[in-house]
Amino acid sequence: MSLATDSADKPTLYKRIRADIEKRILTGEWPPGHRIPFEHELVARYGCSRMTVNKALSELAQADLIERRRRAGSFVRRPQHQSAVLKIADMRAEITALGRNYGYELISRKLRAATAADRERLGVKKAGKVVAISCRHSADNVPFAVEDRLIDLSSVPSAATADFSREPPGSWLLHHVPWTEAEHTISAIVADDRTAEALDIAVGAPCLVIDRYTWRSARTITAVRLLYPGDSHRLVARFKGG
């Protein structure tokens, strides 16, 4: 009788299992590297067959949210930091690796309904909420970069309560939210009054700009613009021929 019920409910039940696990991953409750309960534990929890659990886990693996390791179990997938041109680096780790002391200052944090400009920047059509963050990173007390970031709360609801006064948003996202695709756009501008003040450079000085977008299974996670003083930064990309 139980087998018949499980078979009849399988399409709904495996989707419920997948949705439950996906929610825990996307909210950051289960961060990258967290071990998913073993299949027999999920079977007991949901009162279903191993086949149903296996189907849910297989779809999560196909969506790049988890990775399955033979005999070890399933784990929340860690983000792949390497992109085609740049690495998505933790700013704190990047500055520390240079042998310099890292500093961080939250300039502003706003939780708001997404404006038309926010939705265009994130590439989303539906109305929703965002966290808009402006912050500054420094190296040995000298401004290193300023950051202007939007986080889509429909994709990352836990960002609404994250304490970005203590932890930089980029670091928090890398450690809590898996992503599957990223894009960088590199450009240059001259500093306006606001940028010049934030970076402690002259108005009109050149700035390196990196616009980055990250997605998870076609859902936008964040859009960020990083501005660096142009005279103290460079980009290096090394490739091997096929």
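**A tour of rings and a buried serine**

Counting ring centres within 6.5 Å of each other, there are 3 aromatic pairs to find in this predicted model. A pair of aromatic rings is described by the distance of the centres and the angle of the planes, so keep both in view as you go.

Start by selecting Phe164 and Trp172. Their rings make an edge-to-face pair, with 5.6 Å from centre to centre and 85° between the planes.

Next, select Tyr213 and Trp215. Here the planes are at 25° and the ring centres lie 6.4 Å apart, so this pair is stacked. Tyr213 has 22% relative accessibility and counts as partly exposed.

Now for charges over rings. Select Arg35 together with Phe38: Arg35 lies over the face of the Phe38 ring, 4.0 Å from the ring centre. Then move to Arg69 and Phe75, where the charged end of Arg69 sits over the Phe75 ring at 4.1 Å from its centre.

For the last stop, select Ser155, in the loop that runs between β5 (142-152) and α6 (169-176). Ser155 is buried, its relative accessible area being 1%. Which residues is Ser155 in contact with, once neighbours within four places in sequence are left aside? Show Leu26, Arg216, Arg219, Thr220 and Ile221, and you have them on screen around Ser155.

Methods. Residues numbered from 1 in each chain as written. Predicted model: local features only at pLDDT ≥ 70, side-chain atom pairs only at ≥ 80, totals over all residues. Heavy atoms only, no water. Phe/Tyr/Trp six-rings, centres within 6.5 Å; stacked < 30°, edge-to-face > 60°. Buried < 20%, exposed > 50% of the residue type's maximum accessible area, 1.4 Å probe, protein only. Lys NZ or Arg CZ within 6 Å of the ring centre and 35° of its normal. Helix = DSSP H or I, 4+ residues; strand = E, 2+ residues; numbered from the N terminus. Contact = heavy atoms within 4.5 Å.
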